[in-house]
Amino acid sequence: MLSRWKCGLAIAAVSAAVLAMGRPLAAAEFEFPGPPPTRNFQPIQLIFLNLPFESATTLAPGDLALLAQTAEISEIATTQGVVNSTLKFETNRTVFGFRYGLLDSWEVGMELPFISRYGGFLDPPIDWVESLFGAVNPERKLFPKNSFGGFSVVRGHTVLFDAGEENFQPGDLIFTVKHELQLPPAWPQLALRAAVKAPTGDAGAVLGSGKPDFGFGGAADYHPFSRLMLYLNANFVYPVGPITDGNLTLNPMISESFAMQFAITRHWSALLHQATYTSPFHGTVRLLDGTVVELGLGLGYAFKPYFSAQLLGIENMSGVEQSADFTLLLSLVYQPWGKSTGLPAIGEGPPLPPPPLGELPPMPSPAPTP
C-alpha cells in the first residue's frame, strides 16, 4: 500500500512539473475541454450505473455534441476462502453517445457502451512501471503476459459471476439529463443531473446487471485563476437488486470525483484527477465490497466549440482486489454545429461597430501643441 502511495506522489510531482510549463497567455485564450468521463472501471462494477465525471456547463438550446470514448482496463485479482475468484484479463469499454441542448440550461443525452474482453496488451508496460517504483503485484507472476486467465467468482457452490472473452458486445443503455443553475457570475457554476440505466446488456456474460439503476448528483466548476479550472462531482446511485444466482442484495452507491485542469497553451491543458467509489455489495469480500480510491494524470486538447479530446491514465490507490489495476482512457467530443466565440487577438479589444452608410469613420484628435 505504501508503495502505491509513493506512485501517487510521483504522479503528483510530474503533474506539478507539467503545470509549470508554458508561456504567459491572455486569459481569454485558454480553452478548457472539461474533465474526462471517468467512472469505476472495475469490470464487475461496470455492470452498474456510474454517472460519468463531467462539467457543470450545458449545451445551448439546439446544440449537439457527439461522444466517443474508449477505456482499456487491466484487471488482475485472485481470492481464496469464502469466495474463490480468478480475474485476469483486459476489458475494452468503448462508448458512443450524444448530448443535446434541449432548453435553456437543460441538456439530455444517451450512451451505449460496447464491451470487449481479452488478453490485452498492457501487461509489459505495467510490469515495467511497477518494478520502477517497487510496487510489483505478485499475482502477475501467476499468469503469462497478455493472457486471458479467467473471469470467475464463486461462493461455495454458487456461481456469482462467470464470463469468457467477448468481442464488442453491447452493455446497458444509459439516459441522462442535466440542468445548470443560474447563479451570479462570481459564483462557481453548479448543475444538477440524473441518469437511468436500462438493462440491455447480457447479465449472463457480465455485460450488465440485468436490472435498471437510477442515479442523481451534482457537478460544480470553479475558475479561480486564468490558467486553472477546478471540477467536482458527487453522485448517488440506487442499483436495483438482488442479482446473480447468489441473490446478492445491493446497497446505494456514492461516488466523488475531483480534478484540477491547468492550461499550458491556448488549446492544451494538463489534468490531475482523484476519485472515490463505494460498492453496492456488502457482507462478501474485498473483491466485491471494497471502496476504491484512484488517482489519474492526463492531457487535454480543446478547439472549442468544435472538438475536444482527453487522454488519462488512472492508477488505483487501493488494493488490486476491489479496483481495476490500471486504466487508459481516451475521450473525444465533436460538435458539428458549434459556433465560434470570435475572441479578439491578443492585445486587441472588441471590434468597433462600422460607421453608418455615407459617413466616414471618426478620425483621432490631433495631439495638443505645447
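Which residues form a nonpolar patch on the surface? L66, F303, Y306, F307, L311, L328, L330, L332 and Y334. Together they have about 730 Å² of accessible area. Keep in mind that this is a predicted model.

Where does the patch come from? Strands β14, residues 307-316, and β15, residues 326-334, each supply at least two of its residues. β15 gives the most, with four. Take L328, found in strand β15.

Now the overall picture. The protein chain has 370 residues, and 48% of them count as buried. There are three helices and 15 strands. The chain exposes about 17,700 Å², with carbon and sulfur atoms supplying 68% of that area. Look at contacts with a separation of 6 or more. Residues 24 or more positions apart account for 67% of them.

Next, the interior. In soluble globular proteins, nonpolar side chains tend to be buried together. Here, the largest nonpolar core has 25 residues. Which of them touch the most other members? I44, F151, V153, F161 and F281. Four elements each supply at least two residues of this core: β2 (83-103), β4 (150-155), β5 (158-163) and α3 (286-289).

Let's stay on F281. Set aside residues up to four places away in sequence. F281 then touches I44, Q45, F48, F161, I243, L248, L250, L288 and D289. There is also a second, separate core of 16 residues, including F32, A263, L271 and L329.

On to charges. Side chains of opposite charge can pair when their charged atoms come close. The count in this model comes to 15 salt bridges.

First on my list, E31 with R266. Their closest N and O atoms are 3.7 Å apart. E31 sits in the loop between α1 (2-19) and β1 (64-79), and R266 in the loop between β11 (253-263) and β12 (268-277), so the pair ties together parts that are 235 residues apart in sequence. E31 counts as buried, at 10% relative accessibility. R266 counts as partly exposed, at 32%.

Next, R39 and E111. Their side chains meet in a salt bridge, 3.6 Å from N to O. R39 is in the loop between α1 and β1, while E111 is in strand β3, residues 106-118, so this bridge ties together parts 72 residues apart in sequence. Both R39 and E111 are buried.

Then R193 and E54. This salt bridge spans 2.9 Å, N to O. R193 lies in strand β8, residues 189-198, and E54 in the loop between α1 and β1, so parts 139 residues apart in sequence are tied together. R193 and E54 are both buried. What joins these residues into one network? Salt bridges that share partners join R39, E54, R99, E107, E111, K178 and R193.

Last stop, R140. It is in the loop between α2 (123-132) and β4. Is R140 buried or exposed? R140 is buried, because its relative accessible area is 10% and the cut-off for buried is under 20%. Leave aside neighbours within four places in sequence. R140 is then in contact with S74, I76, D123, I126, D127, E130 and D325. With S74, the side chains are joined by a polar contact of 3.2 Å. As for D127, 13 residues away along the chain, its C-alpha atom is separated from that of R140 by 8.4 Å.

That's the tour.

Note on methods: Residues are numbered from 1 along each chain as its sequence is written. This is a predicted model: local features need pLDDT of at least 70, side-chain atom pairs count only at pLDDT 80 or more; totals for chains, interfaces and linings use all residues. Side-chain values use heavy atoms; hydrogens and water are left out. Patches are made of residues with over 30% relative accessible area and no salt bridge: like charges are joined within 9 Å, nonpolar side chains (Val, Leu, Ile, Met, Phe, Trp, Tyr) within 5 Å. Accessible areas come from the Shrake-Rupley method with a 1.4 Å probe; for residues, only the protein chains shown count as cover. A salt bridge is a side-chain nitrogen of Lys or Arg within 4 Å of a carboxyl oxygen of Asp or Glu. A nonpolar core is a set of buried Ala, Val, Leu, Ile, Met, Phe, Trp, Tyr and Cys residues joined through side-chain atoms within 4.5 Å. Buried means under 20% relative accessible area, exposed over 50%, partly exposed in between (1.4 Å probe, protein chains only). Contact means heavy atoms within 4.5 Å. A polar contact is a pair of N or O atoms within 3.5 Å; within protein, one must be able to donate a hydrogen and the other to accept it, and residues adjacent in sequence count only if both atoms are side-chain atoms.
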